[in-house]
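Here are my notes from a pass over this model. Have the structure open while you read, and start with the pocket.

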Amino acid sequence: MRSISPDHDVGQCIRGFKLLANIPWDKVDNVIIPVNISEKFHWFLVVFRIKLRCLHVYDSMKGGAVHTKKVNEAVGKLATMIPLFLTSTGFYGKRLDLYANKLPKYVHKSQSDPLDIKHMMHVPQQEDISNDCGLYTCLFAEYISNDVFDMRSIDIDAKYHRQRYATILWHYGKTKNEDGAISESEVTGTVASKFGGPRIAKEHVPDTTNYPTPRQQTRN
């Protein structure tokens with residue numbers, strides 16, 4: 001409990017600080033949290049659905065008692081920790097709608113009660129012999145960022161998406177290098193030159209976020 005503070009790294013993230021591309025959690029309804037189980041070299045995705053007061057778990061490698069136990073332990077810690085940090089950072093005072101609208105998941109609930117946990121079923125699964133958990137975690141985050149929460153009909157071509165992400169990163173790095181930009185561009189609203197030159201208005205910098213256009217695939 002001594003670690004629960006607005007100034008803790010987690011508290012700063014909730015308040016919209018610490019990360020280059022970040023906004024306060026009270027301004028959004030969903031928070032994407034990539035989780036790593038270091039001893040298993042495994043990544044999976046947790047989405048905090050604020051209005052549902054629930055953590056949705058997207059795991060591309062389900063199965064096995066040991067694996068399931070490790071995932072549950074990691075998610076359980078988040079379910080316990082997040083409400084305590086929300087309380088310490090004054091989050092609920094900025095989201096009065098959660099209680100004013102009498103959302104079912106907030107009625108008769110203490111602000112510090114652990115969050116509900118829902119393991120999403122029928123999400124795309126990586127091949128057993130692959131190490132594609134990081135790739136799938138990125139793709140889950142990408143789909144959710146585009147309001148696709150139900151992925152049961154999504155068929156993921158891992159090879160294609162590895163190539164797509166490599167192309168995006170290469171093009172982004174090339175453009176960034178040519179413009180002399182630095183990463184702080186995401187928070188300053190302008191492109192700051194690492195060469196000491198003048199700042200460039202962000203709207204004058206080529207947009208690389210939609211290159212190339214993702215190819216959607218669905219299962220038959």
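1. In this predicted model, strand S1 is the top contributor to the lining of the second largest pocket, giving four residues. S1 covers 30–37, and helix H1 (9–14) and helix H2 (65–88) join it in supplying at least two residues each.

2. How many residues line that pocket, and which lie nearest its centre? The lining counts 15 residues, with Cys13, Trp25, Val31, Ile32 and Ile33 nearest the centre. The volume comes out at about 410 Å³.

3. On to the charged side chains. The structure has 12 salt bridges. I'll go through three of them below.

4. Lys51 pairs with Asp29, and their closest N and O atoms sit 3.8 Å apart. With a cut-off of 4 Å, that pair counts as a salt bridge.

5. Are the two partners buried or exposed, or something in between? Lys51 has 41% relative accessibility, so it counts as partly exposed. Asp29 is also partly exposed, at 33%.

6. Asp29 and Lys51 belong to a network of salt bridges together with Arg95 and Asp97.

7. Next, Arg164 and Glu142: this salt bridge has its closest N and O atoms 2.6 Å apart. Here too the pair links distant parts of the chain, with Arg164 in helix H6 (residues 158–179) and Glu142 in helix H5 (residues 133–145), 22 residues apart.

8. The accessibilities of that pair are worth a look. Arg164 is buried, because its relative accessible area of 4% falls under the 20% limit. Glu142, at 25% relative accessibility, counts as partly exposed.

9. Last one: Asp150 forms a salt bridge with Arg152, the closest N and O atoms being 3.0 Å from each other. Asp150 has a relative accessibility of 44%, so it goes down as partly exposed.

How values were computed. Residues are numbered from 1 along each chain as its sequence is written. This is a predicted model: local features need pLDDT of at least 70, side-chain atom pairs count only at pLDDT 80 or more; totals for chains, interfaces and linings use all residues. Side-chain values use heavy atoms; hydrogens and water are left out. On a 1 Å grid over the protein atoms alone, a cavity is a set of points where a 1.4 Å probe fits but cannot get out, and a pocket is an open set with protein on both sides within 12 Å along at least five of seven lines; lining residues have an atom within 4 Å of a point. Grid points are joined across faces, edges and corners, and a volume is the space filled by probe spheres set on the points. Buried means under 20% relative accessible area, exposed over 50%, partly exposed in between (1.4 Å probe, protein chains only).
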